[in-house]
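The entries follow in the order of my look-ups.

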Amino acid sequence: ASPYPLPAGLAGLWHFDESSGAWAGDASPWRNAGGLVCLGVPAVCGASNSTPAFTSDAPPSLANSVSFSGLGNSLVRISSASQYDFTDSLTVSAWIKPAAGAQPDGTGLAAKGTWGNEAFSLELALVSGLPRYRFRAKLGGGGSVVAPATSSVRAGLWDLVTGVFDSASSSAALYINGIFVASAPTGGLLRAANTEPIAVGNRKD
């Protein structure tokens, strides 16, 4: 049982607080565990140490976290499921600690789908050469709504990054550590859905 209170309508909750193993448990009622994987040739994955691993370096109130190599084949993969297929309001949130300030544009943090076609994504964007957090959602009418932060990421520090798609207010918003930092109008459109897995720590290319 999860020691954390579970909000209504919860589709998934991965604390990444295991101490070892290749799976991250889902504390929501759906129990859809995520696999710590390296998407590549085993010999290459081993040589580059690309498989994610649990670590004791963790954000406040959590016991552990997952560390990623930073390479494109290192991620936690969560299989697509019916509870992720809705197209209206959505909240996606993640504790994030970048090892360095310099990150490639479009670095995926939590995304469902492939680059440019994600149903939703928390990601890093380069703005004037500086990395900033960004929330993106694919719209059912075509195109995407994007809400980028106005300040750079904090390397080596934990931040709680949250993206909200609100159908009632026809807007998408980004929060960092509970503080509102950006919003963008959706034009009253709903989100697009897909059957791709959710990728954490990277994006599925």
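I count two strands as paired if DSSP finds at least two bridges between them. Helices (H or I, at least four residues) and strands (E, at least two) are DSSP runs, numbered from the N terminus.

I note that this is a predicted model, in which local features need pLDDT of at least 70 and side-chain atom pairs count only at pLDDT 80 or more, while totals for chains, interfaces and linings use all residues. Residues are numbered from 1 along each chain as its sequence is written, and side-chain values use heavy atoms, with hydrogens and water left out.

**Entry 1: strand pairing**

I began with strand β9, residues 130-138. I found R134 opposite P148 in β10. The two strands form a hairpin with five residues between them, and G142 in that turn has a positive phi of about 100°.

I then looked up the pairing of β9 with strand β8 (residues 120-127), where eight bridges join the two in antiparallel fashion. Which residue of β9 is the bridge partner of L122? I identified F135 as that partner. I also recorded L124 as standing opposite Y133 in β9. The hairpin of β8 and β9 has two residues between the strands, and S128 in the turn has a positive phi of about 55°.

I next followed β8 to strand β7 (residues 107-112), to which β8 is joined by five bridges, again running antiparallel. In this pairing I saw K112 opposite F120 in β8.

**Entry 2: burial of the strands**

I took buried to mean under 20% relative accessible area and exposed over 50%, with partly exposed in between (1.4 Å probe, protein chains only). By this criterion β9 is mostly covered, with eight of its nine residues buried. β8 is likewise mostly covered, with six of its eight residues buried.

**Entry 3: salt bridges**

I defined a salt bridge as a side-chain nitrogen of Lys or Arg within 4 Å of a carboxyl oxygen of Asp or Glu. My search of the whole structure returned six salt bridges.

I examined E118 and R203, whose side chains meet in a salt bridge at 2.6 Å, N to O. This pair links distant parts of the chain: E118 is in the loop between β7 and β8, and R203 is in the segment after β14 (198-200), 85 residues apart. Is E118 buried or exposed? I found E118 buried, with a relative accessible area of 2%. R203 also counts as buried, at 5% relative accessibility.

I turned to E123 and R136, whose side chains form a salt bridge at 3.0 Å, N to O. E123 lies in strand β8 and R136 in strand β9, so the pair ties together parts that are 13 residues apart in sequence. I recorded a relative accessible area of 0% for E123, which is buried, and of 14% for R136, which is buried too.

I found that E123 also forms a salt bridge with R203, with the closest N and O atoms 2.7 Å apart. Here strand β8 is linked through E123 to R203 in the segment after β14, distant parts of the chain that are 80 residues apart. Which residues do the salt bridges that share partners join into one network? I listed E118, E123, R134, R136 and R203 as its members.
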